[in-house]
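Have the view open beside you as you read the numbered points.

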Amino acid sequence: MAKITYIDAGGIARPVDGEIGSTVMETAIKNGVPGIEAECGGACACSTCHVYVDEAWREKTGEPSPMEEDMLDFAFDVKPNSRLSCQIKVTEALDGLVVTTPERQA
Amino acid sequence: MRAVNEPIKTDVLIVGAGPVGLFAVFELGLLDMKAHLIDILDKPGGQCAELYPEKPIYDIPGVPYTTGHGLVEALMAQIKPFGPAFHLGEMVETIERIGEPMFRVATDSGKLFEAKVLVIAAGGGSFQPKKPPIPGIDPYEGKSVFYAVRKMDVFRDKELLIVGGGDSALDWTLNLQPIAKRLTLVHRRDDFRAAPDSVNKMRALVAQGAMDLKIGQVTALHGGEGMLTGATVKGSDGALATLACDAMLPFFGLTMKLGPVANWGLPLREGELIPVDTASFETDQPGIFAIGDINWYPGKLKLILSGFHEAALMAQKAYHYVFPDKRLVFQYTTSSTSLQKKLGVA
């Protein structure tokens with residue numbers, strides 16, 4: 001397990017336990033965390049699981065792949081720390097990860 | 001010839017041409033029911049075609065591996081013997097009950113249908129353009145901000161802003177650049193996922209000074225009474241620039257919205273799913289069925305295979321509406337000569 005904290009656009013933090021090997025998107029959906037829609041179910045095909053990775057964690061989560069960058073074009077208010085949460089795998093190294101969800105997904 | 005507003009008559013009208021709507025044609029066809037399909041996309045396949053044509057699917061029974069595109073191709077081949085009629089690029093707007101059961105259905109382009117049975121296989125709803133998150137964009141929509149190009153001439157001699165980096169943004173940049181007074185393409189990064197050939201053509205126009213490319217995101221609109229006069233673009237360095245324009249075309253892809261289904265008088269669960277009876281997948285309105293991702297019943301799984309099962313049971317009940325005087329005999333395609341004749345194999 002790795003602790004992941006989702007902060008919504010209004011500043012409310014929701015810490016949940018993420019299963020190692022699942023994704024940050026799946027962890028949100030499984031735990032009923034609002035602010036992540038994941039219309040395509042995790043195929044990196046829709047950009048509705050957009051999150052901002054906390055600056056302290058950007059190095060550990062890494063950079064988006066070229067395919068993910070393409071999908072981020074469809075997301076709203078994309079920032080340098082924008083990622084699609086279906087493309088971030090939960091690992092032991094991400095225990096404590098903090099992400100913020102945008103004001104809206106679509 | 002059919003007069004413009006004379007309805008198209010059919011046994012069954014299927015709303016949504018995704019995998020479940022397509023397979024419904026097969027199950028209905030085996031029972032001699034003719035179907036027309038309506039879909040807002042310009043191609044059959046629904047989410048399989050629009051969201052993940054190249055992505056793998058591993059859970060279709062008997063098919064260890066396929067793709068969204070592969071599944072749609074296979075379903076189209078499977079339903080070919082039944083000659084379904086497709087009405088693509090259209091959205092059903094209204095449904096009116098005119099008999100027991102008999103429905104009159106109108107699309108957004110004004111096409112009318114009359115069907116004994118309606119099958120809603122609309123998945124997550126209809127694909128509609130995504131709105132950019134620009135505050136105060138609403139009053140400009142349809143007046144100077146457009147999510148699609150219906151008539152190119154609307155943009156003649158206009159100062160035009162096109163936003164996005166995909167094929168729609170690039171195609172319309174190349175098509176409208178010759179007739180616009182001035183065109184600026186705005187994209188958040190200097191990489192484009194559009195076809196490389198279109199990107200090269202766009203870059204050549206920029207090099208010739210025939211159009212502008214601005215890297216950044218639109219953060220504010222200026223104007224009044226629905227008419228744009230300019231837009232603020234925040235560059236990747238954070239610097240703000242205001243670009244003059246009288247029209248803007250944002251292309252941010254599609255998203256699924258329930259759309260007019262919400263207005264058809266059906267009860268909705270959590271505002272988006274249509275409850276059905278699991279013996280027939282009929283809604284609380286006789287003659288209207290809902291199959292696939294759009295329906296809800298205890299234990300519902302949003303799987304393509306569940307939608308296929310739902311289509312088969314729906315067809316059994318629909319038969320009694322379409323042929324009230326006939327008795328339905330259950331048959332297998334393996335052994336029934338009459339079913340095999342319908343499939344063109346016997």
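1. A charge counts as over a ring if NZ of Lys or CZ of Arg is within 6 Å of the ring centre and within 35 degrees of the ring normal. Arg269(B) has its charged end over the ring of Trp296(B), 3.7 Å from the centre.

2. Before going on, please note that this is a predicted model, in which local features need pLDDT of at least 70 and side-chain atom pairs count only at pLDDT 80 or more, while totals for chains, interfaces and linings use all residues. Residues are numbered from 1 along each chain as its sequence is written, chains are lettered from A and ligands numbered from 1 in the order in which they are written, and side-chain values use heavy atoms, with hydrogens and water left out.

3. How many aromatic pairs does the structure hold over all chains? There are 10, where rings of Phe, Tyr and Trp (its six-membered ring) pair if their centres lie within 6.5 Å, and planes under 30 degrees apart count as stacked, over 60 as edge-to-face and the rest as tilted. One of them joins Phe146(B) and Phe155(B) edge-to-face, at 5.5 Å centre to centre and 85 degrees between the planes. Phe146(B) is buried at 18% relative accessible area, and Phe155(B) is buried at 2% (buried means under 20%, exposed over 50%, partly exposed in between, with a 1.4 Å probe and protein chains only).

4. Phe281(B) and Tyr297(B) also make an edge-to-face pair, 5.3 Å centre to centre with 65 degrees between the planes. This pair links distant parts of the chain, 16 residues apart: Phe281(B) is in the loop between strand 17 (274-275) and strand 18 (288-290) of chain B, and Tyr297(B) in the loop between strand 19 (295-296) and helix 6 (304-322) of chain B. Helices (H or I, at least four residues) and strands (E, at least two) are DSSP runs, numbered from the N terminus. Phe281(B) is buried at 1% relative accessibility, and Tyr297(B) is buried at 10%.

5. Do look for the aromatic cluster too: Phe23(B), Phe26(B), Phe82(B) and Phe308(B) form one together.
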